[in-house]
Amino acid sequence: MSDALCKVLLCSWAAGLAVPLGGALASWEELSPRWLEEEFRHSVIAFGGGLLLAAVALVLVPEGMRVLPTVEGCAWFFFGGLAFFGLERLQQHLKGNASQLIATLSDYLPESVAMGAGFASGKESGYLLALLIGLQNLPEGFNAFREIRSSWRISRA
């Protein structure tokens, strides 16, 4: 196996490993005082949102602008948002209680494609994108675990 392929696999594995790591972090119970637990949870969510925005703004948009006409890039961005909106509405209609987990798993495909394209371009953007995706997956795993755990408590009560 080539050295470059090993680096890509290692970066992809590390980025994906952040999801269960976030779940493990969320399993850490009862920060004291109670307001600290709420602040910690909000901080994790804000951190993940900021990283997702950074990944889009710093890596994906410049690469997309380089290879796609502006109108086509905007159209694909719109249709991607529409697809995720449709998935969320379907989840709401089915009354599922694991929407964060489904969102985490469904954004795996575009993240993987973007990371693969970043590495295939031969630039360092693949490493930056792997880092940002990994850091963003941490709060996703955190929130998915908390959401599933709360649904277990509701169904058992």
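Is Asp3 buried or exposed? Asp3 is exposed, because its relative accessible area is 53% and the cut-off for exposed is over 50%. This value, like the others here, comes from a predicted model.

**Overall fold**

The protein chain has 157 residues, and 26% of them count as buried. The chain holds six helices and zero strands. Read along the sequence, the pattern is α-α-α-α-α-α.

**The salt bridge**

The structure holds one salt bridge. Asp3 pairs with Lys7, and the closest N and O atoms are 3.7 Å apart. Both residues belong to helix α1. Four residues separate Asp3 from Lys7, about one turn of the helix. Side chains of opposite charge can pair when their charged atoms come close. Lys7 has a relative accessible area of 39%, so Lys7 is partly exposed.

**Accessibility of selected residues**

The table gathers the residues discussed in this report that have a stated accessibility.

| Residue | Relative accessible area | Class |
|---|---|---|
| Asp3 | 53% | exposed |
| Lys7 | 39% | partly exposed |
| Ser27 | 37% | partly exposed |
| Leu68 | 30% | partly exposed |
| Arg146 | 16% | buried |

Arg146 sits in helix α6. Its relative accessible area is 16%. Buried means under 20%, so Arg146 falls in that class. Ser27 lies in the loop between α1 and α2. Ser27 is partly exposed, because its relative accessible area of 37% falls between the cut-offs of 20% and 50%. Along the chain, Ser27 and Arg146 are 119 residues apart, yet their C-alpha atoms are separated by 7.7 Å. Gly22 and Arg146 are 124 residues apart along the chain. The C-alpha atoms of Gly22 and Arg146 are separated by 10.0 Å.

**The second largest pocket**

What is the volume of the second largest pocket? The volume is about 270 Å³. The pocket is lined by 17 residues, and the closest to its centre are Ser12, Gly16, Tyr108, Ser112 and Met115. Helix α5 provides the largest share, six residues. By type, the lining divides into eight nonpolar, six polar and three charged residues. Rolling a probe the size of a water molecule over the atoms shows where empty space is left.

**A nonpolar surface patch**

Which residues make the nonpolar surface patch? They are Val67, Leu68, Trp76, Phe78, Phe79, Leu82 and Phe85. The patch has an area of about 760 Å². Helix α3 (residues 70–93) gives the most to the patch, with five residues. Leu68 has its place in the loop between α2 (34–67) and α3. At 30% relative accessibility, Leu68 counts as partly exposed.

**In brief**

The predicted chain is built from six helices and zero strands. Its one salt bridge joins Asp3 to Lys7 within helix α1. Helix α5 gives the largest share of the lining of the second largest pocket, and helix α3 gives the most to the nonpolar patch.

Methods
Residues are numbered from 1 along each chain as its sequence is written. This is a predicted model: local features need pLDDT of at least 70, side-chain atom pairs count only at pLDDT 80 or more; totals for chains, interfaces and linings use all residues. Side-chain values use heavy atoms; hydrogens and water are left out. On a 1 Å grid over the protein atoms alone, a cavity is a set of points where a 1.4 Å probe fits but cannot get out, and a pocket is an open set with protein on both sides within 12 Å along at least five of seven lines; lining residues have an atom within 4 Å of a point. Grid points are joined across faces, edges and corners, and a volume is the space filled by probe spheres set on the points. Helices (H or I, at least four residues) and strands (E, at least two) are DSSP runs, numbered from the N terminus. Ala, Val, Leu, Ile, Met, Phe, Trp, Tyr, Cys and Pro count as nonpolar, Asp, Glu, Lys and Arg as charged, and the others, Gly among them, as polar. Patches are made of residues with over 30% relative accessible area and no salt bridge: like charges are joined within 9 Å, nonpolar side chains (Val, Leu, Ile, Met, Phe, Trp, Tyr) within 5 Å. Accessible areas come from the Shrake-Rupley method with a 1.4 Å probe; for residues, only the protein chains shown count as cover. A salt bridge is a side-chain nitrogen of Lys or Arg within 4 Å of a carboxyl oxygen of Asp or Glu. Buried means under 20% relative accessible area, exposed over 50%, partly exposed in between (1.4 Å probe, protein chains only).
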